[in-house]
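Morning, everyone. Please have a look at the structure on the screen. I'll start with the whole chain and then zoom in.

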Amino acid sequence: MFSYLVRRLALALLTLLLITFVVYALIRHMPGTPLTTDPAMMDPSKQISAEEIERLNKLYGLDKPWYVAYFHWAKNVVRLDFGRSISQNNAPVTSLIAERVPATLLLSISSLVLTYLLSIPLGLWSTVKSGTTIERTVSTLLYMLYSLPSFVAALFLQIVLAVKLGWLPLFGMTSDAYESFSMMGKTWDIFLHALMPVTCFTYGSLAYYSRFIRANMQEVVRQDYIRTARAKGVPPGQVIWRHAFRNTLIPLVTLMGLTLPSLLSGAVILEQIFTWPGMGRLYFEAIGRRDYDVVMGLTLVFSVLTLLGQLLADLLYAVVDPRVTYH
Amino acid sequence: MKARCWHKSVSKLVAITLLLSLPIGGGCSSEKSAPPPEAGGEAAKSEGSEQPFELGNMLEPFDVPSLEELIAEHEWVDRPVVDSMKLMRDFQSSLPSPELSAEEALDLRNKSPEDNAKILDALGRLASEDGEGVDYEAELVMMTNGDLKSTNPLLTSSVTESDYHSLSAFGLFSFDKEFNKFASADSVVSWQTSKDRLIDKIVMRDDLTWSDGTPITAHDVAFSFQVLMTEEIPIPAMRQGTDKIRWIEAYDDHTLVYFHREALSTNDGNMNFYILPEHKYAETIPGDPTMARSKGHSALEDKPVVGGSYTLVKRTRGQEFVMQRRESAYMRNGKQVRDKPYFKTVRFKAIEDRNTALLALKADQIHAMELTAEQWNGQSDGDDFYRDNTKTSGLAWISFHFCWNTKTPYFEDKRVRQAMSYAMDYEELLDTILYGIYSPCQGTFHPTSKMFPKDGPEPFQQDLDIAEQLLDAAGWEDSDGDGIRDREVNGRTIPFEFTLIVANIEDRIKIATLMKECLESIGVECNVKPTEFTVLTQMQRDRKFQAAFAGWGTGADPDTTANLWVTNEGRNYGSYSNLRVDALFEQARHEFDEEKRMALYGEIHNLLWEDQPYTWLFVRNSFYGFNKRLRGYNFSPRGPFSYGPGIGSIYMPTLTP
């Protein structure tokens, strides 16, 4: 197991190096630089002159070839210096990312927990009730939900729950008077603000996961050992939970592994609609502004999480399936 | 405070997570990152340079004469020192009483230009001079479409920062809604210009203070100029114009003299830049010329010392920033010395999604927003909008066009460019795509401006016959009968097929596609390429495009268009060149007679219209939704906020029980 772990980590590091190298090459070859923004939009009398651009390019090291800049960036990363955002007035990249982590995790963890809490019982229930009218109705509803784009649902929820009924806040993460609230008040305030984004974030994957579990369970409940268990008089609940569900865990664990990076990656469109200060918006804005250090910092975070997720999933196989061992 | 610490912990956590993933050895490195540069130090050197830091190193040495010599040797002309609120009040007092009361105007739905005029007339009236009936405890909630990147006024580069600085920054000059420039009576006692126009002398008020209580003096202005003119300091945009000033000297705390390189009619605009507090930056800049990286500068970034009416009290990246009225801006020793700003707080909420912004306006969560044509025309007519809001529109000098790259074989001939303008279906563009609410564009200057010539052109009308004749005359004919015109260029026959780049925005793509369809009927192939905005900007800046759809707002002086049209200038993306136009811009800079100067711009306008470096398409007016509680808004060609008094005249009346 130990040697397997070492091999996997070594491979992960190599992959990481390759990912960052390729991403750096790509973003540096995209037309535009962090200095491409047009101040003339603010005031037509203010224009960056060619000499000024040259001066700033030199100052920010943008005049160096991309591969030199990459190794400079990588060297700094080893020293725990992840660089600074040119377009955000030299703010440290770690601070910019750290500012967005809580908001992103709040959405993604709530959504993930809700998804699993609801989709597993729903998937099992669908298996038990397979073929009944109510199960077909629920299935149809879930398919409909799955096909409904989240930005449409977001707009609809905003119009109904925030504008027409006034039950929930329309956008943002906190109220204007947030600072004056008690701890309970603050929690409640964030809860209310998060309700609509979490709903939009969750319903699609809820539909997908419950269908996924149901499909796998349908396969498993037809196996001989399930028939044997039933013939031996094992109660139906135990057959489903202990005998059948455990065997559907392997593909579910793979899915969970792949979910890890999405915990921090955020969702650009939903974050924009709800003005949620998450990682998706930061990434999107950084790419648009060619804010190289921020893009690279975020790429590194997502890559690390993806690789960790895969490793975790592989290790969990051994936990859920005793036949799997690593050497 | 706790949230801050938490961020720092997360920041460390992010760093540690990343470290764990790094090549072996990296995590064990004993090397520490260099500590951030700190303020001061006698041997301070600029970053990345072995040269000692020298403030104002872009300036040539200048022998400053004594003030007595200056006063004695020059003849001085008094220049306007104006209270912009008083100016607006005087203007409004010359108008007849509004046809409708405010209540009646709020009940009216804006369905015609007449309705619009009535609403604007009734709700645009200023509050009474003594402020009676104004709710001074009110909060104004505005939307902004991006983050506040920097609170340092000299590092400003975006519209959001411009919004922020309009309330927080200190400056000496302003302009009214007709773009007449003046020194602001809020900060200046007198302004004189030498008769040879080479020197300006300002006497500042002695009751000005920064938000930390330190007096604002002439030395702050001279210092800020030196900062702007220092090579190592990364000033994104504010240097332009200011670099035409030779020297600024503070003779005492209040007397300031600007020495110009040349006598130019644009010198007034060049003197208009934001001011930094010298007592905060003089010591810190040499150690950190970026004005951002050191601890001292980071602290100033978070808690800026401001000279304007409002100070920053909250800033949450990605969400909002809040500004609070500061008493020391208008009170001195218990006495009111300036107008008290109408709002206690102004909150800017970052909303990037236009649909969310409109819903926020309808839900009374923001108080004003600019509406798109689609929102004005279909989404703001119902009870849900009019329950808390009204809407008005005003003239704005924002125009959109196709820019032709004159260095390509397709558009080097002005007859081809004229043909493009004749080919466009303006009726379809204005009436269908733009809902009939925008006006046709008649060239680089707006027809209502002083620069528009008396014999100004009429807008183009689609005429495909003329377009075809012009293309024939320019040598673009369908020689091989494939339906696409062609011409021999450098010994090779090339088809008239070009790419039109356009920002990835729905209505812009529709407009470009309309042009494509129009050109198809005259044998020209136009490929529409929706392009990410940064790529679009870079391609234009590098002149690596054939045609582009774009738009421009207006500066407060016609000379700001020089960088659009003068040969090799920065915004002259189409590489247009007409020596007569170049000469006229130069001549206008040296012309001080207003009428003659405007006539020169009129001539430029006609020359450009003849050359058609752009196909001018339409003028986008300002369309705004305002909360019903707001009053005192008026439009300038730059919208309702960016002029004097602009946002400063907007108020909320006290609620009547």
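In chain B, take the contacts with a separation of 6 or more: 70% of them are between residues 24 or more positions apart. Keep in mind that this is a predicted model.

Now the overall picture. Chain B has 21 helices and 25 strands. Along the principal axes, the C-alpha atoms of chain B fill a box of roughly 80 × 70 × 70 Å. And 48% of the 657 residues count as buried.

Let's zoom in on one strand, E17 of chain B, residues 399-404. How many of its six residues are buried? Six of the six, so strand E17 is largely enclosed by the rest of the structure.

Here is a rule to remember. In a regular strand, side chains alternate between the two faces of the sheet.

Now look at the faces of E17(B). On one side sit B:Ser399, B:His401 and B:Cys403. On the other sit B:Phe400, B:Phe402 and B:Trp404. Both faces are covered, and all of these residues are buried.

Which strands does E17(B) bridge to? One is E23 of chain B, residues 547-552, joined by six bridges and running antiparallel. Another is E24 of chain B, residues 614-619, with five bridges, also antiparallel.

Take B:Phe400 as an example. Its bridge partner in E23(B) is B:Gly551. In E24(B), the bridge partner of B:Phe400 is B:Phe618.

Methods: Residues are numbered from 1 along each chain as its sequence is written. Chains are lettered from A and ligands numbered from 1 in the order in which they are written. A residue is buried if 20 or more other C-beta atoms lie within 10 Å of its own, exposed if 12 or fewer, and partly exposed in between; C-beta atoms are placed from the backbone. Helices (H or I, at least four residues) and strands (E, at least two) are DSSP runs, numbered from the N terminus. Two strands pair if DSSP finds at least two bridges between them. Two residues are in contact if their C-beta atoms, placed from the backbone, lie within 7 Å.
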